[in-house]
Amino acid sequence: MLFIIISIFIYFIISFGFGSLINKYFQVNNLLSLKLLIGILFIGIISLISSIVIPLNINYEIVISLAGIILAIYYKFWKVEFKFNYSFIIPAVITCLIASMDSFIYDTYSYYLPTIRFLDDFGLLKGLGNFDFNLGQTSLWHIIQASTNNTIDLSYKLNAYLIIIYLIYIYENNLKKYIIFLPLFYLFVASPSPDLPIFVLSIITILNWIIYKNEDSIRYGLLLSAFLVLIKPIAFVLPIFFLIISLKNYNNYLKLYFIVGCLAILFFIKNIILTGNFTFPIGFGNISELPFSVPVELYRISTLEGRYILLDTENKIEFSEFLNWSSVQYYIYLFQIFKFPFLFTVF
């Protein structure tokens, strides 16, 4: 737990440095939480671009960490305007305590950690999706963790830091009732799961827009939701929402449209390198002419295997049988094979 607290403190310094640099040029509001979020996501973009040509090994990590620390010192991180009082410290300590437990999410060892290790050793490896279909996803969240896992975060606890940022946000905006989401977040805090940032960033982005409903909130909405797609493409609805509401005064967001467009291009480049498909994991964008492209047949197999054969190798369910199930039968089966009583052990 002590090492997690140290890691969070270093994360704080580095993300504050990069976040302050970005805030200076965008001239947006000075909420500490949003500055930290932009800082950690900016590290992800630098690392994504770097991983195209170099591995994200310890040498890279030292450079990126030193750059963040130097920027944090330049912007005087010790003068942050936030009171870390007892009502904040208690849930923060609980977060670190739960984060120190073992990860129980199956995907942690099946493809989260392998993805990070491939990034450490090779960067974005051409055609990696052929080796393992899941590895072709390579979330931005795992790219960020590959940028810190050999130096400041040996135990992969970036999700704990994300929850601390969430706590800072709700305390900054006097939204303490939203601490109610913490039990949900704690299901993912001990794992390198990219699902947690989808929940946390979506809540922060929407709350920020509901509270302020100004140009700054739309700017943050567009930017953070674009990052969400890089973390997990399933979050594509949120950037569409902020794009639509920004069109009313589109002249004020032209610079941001360009940045979001660049993020989209990076997303396509990442997918093409890993799988030969710019819309991965959807099959229609597959560029079959590339020699390292994932075969089209694998997309069909993945759909059937991933959706209908529910991890029960002893009593496999035939596709035709599944189609005849009612919703009640489906969810009873899920509760049986995933053994959901483990949830109570978390609390």
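**Entry 1: the second largest pocket**

I looked up which helix gives the largest share of the lining of the second largest pocket, and I found α4, with five residues. The model is a predicted one, in which local features need pLDDT of at least 70 and side-chain atom pairs count only at pLDDT 80 or more, while totals for chains, interfaces and linings use all residues. Residues are numbered from 1 along each chain as its sequence is written, and side-chain values use heavy atoms, with hydrogens and water left out.

I noted the rule for pockets. On a 1 Å grid over the protein atoms alone, a pocket is an open set of points with protein on both sides within 12 Å along at least five of seven lines. A cavity is a set of points where a 1.4 Å probe fits but cannot get out. Lining residues have an atom within 4 Å of a point. Helices here are DSSP runs (H or I, at least four residues), numbered from the N terminus.

The volume of this pocket is about 360 Å³. A volume is the space filled by probe spheres set on the grid points, and the points are joined across faces, edges and corners. I counted 16 lining residues. I8, F9, F84, F88 and I164 lie nearest the centre. Three helices each supply at least two lining residues: α1 (2–26), α4 (86–99) and α8 (158–172).

**Entry 2: a nonpolar patch**

M1, I5, F84, Y86, I89, V93 and L97 make a nonpolar patch of about 660 Å². Patch residues have over 30% relative accessible area and no salt bridge, and nonpolar side chains (Val, Leu, Ile, Met, Phe, Trp, Tyr) are joined within 5 Å. The areas come from the Shrake-Rupley method with a 1.4 Å probe. Helix α4 gives the largest share of the patch, four residues. M1 sits in the segment before α1. I found M1 partly exposed, at a relative accessible area of 37%. The cut-offs are under 20% for buried, over 50% for exposed, and in between for partly exposed.

**Entry 3: the largest cavity**

I searched the whole structure and found three cavities of 30 Å³ or more. The largest cavity has a volume of about 110 Å³. Its lining has 16 residues, with Q137, S139, I231, K232 and P233 nearest the centre. The elements giving two or more residues to this lining are α11 (215–231) and α13 (254–275). I sorted the lining of the largest cavity into nine nonpolar, five polar and two charged residues.

**Entry 4: salt bridges**

How many salt bridges are there? I counted four. The rule asks for a side-chain nitrogen of Lys or Arg within 4 Å of a carboxyl oxygen of Asp or Glu.

- K232 pairs with D195, with the closest N and O atoms 2.3 Å apart. This pair links distant parts of the chain, 37 residues apart: K232 is in the loop between α11 and α12 (237–246), and D195 is in helix α10 (residues 195–212).
- R117 and D120 meet at 3.0 Å, N to O. They are separated by about one helical turn because they are three residues apart in helix α5 (residues 107–122). R117 is partly exposed at 36%, whereas D120 is buried at 4%.
- R219 and E215 meet at 3.4 Å, N to O. Both lie in helix α11, four residues apart, about one turn of the helix. E215 is partly exposed at 32%. I also found E215, D216 and R219 linked in a network of salt bridges.

**Entry 5: positive phi**

Most residues other than glycine have a negative phi. I looked up two residues with a positive one. N174 has a phi near 55°. N174 lies in the loop between α8 and α9 (182–185) and is exposed at 61%. K213 has a phi of about 45° and is not a glycine. I placed K213 in the loop between α10 and α11, where K213 is exposed at 55%.

**Entry 6: I265**

Last, I checked I265, which lies in helix α13. I265 is partly exposed, at 49%.

Key
Nonpolar A, V, L, I, M, F, W, Y, C, P; charged D, E, K, R; others polar. Patch = residues over 30% accessible without salt bridge, like charges linked within 9 Å, V, L, I, M, F, W, Y side chains within 5 Å. Buried < 20%, exposed > 50% of the residue type's maximum accessible area, 1.4 Å probe, protein only.
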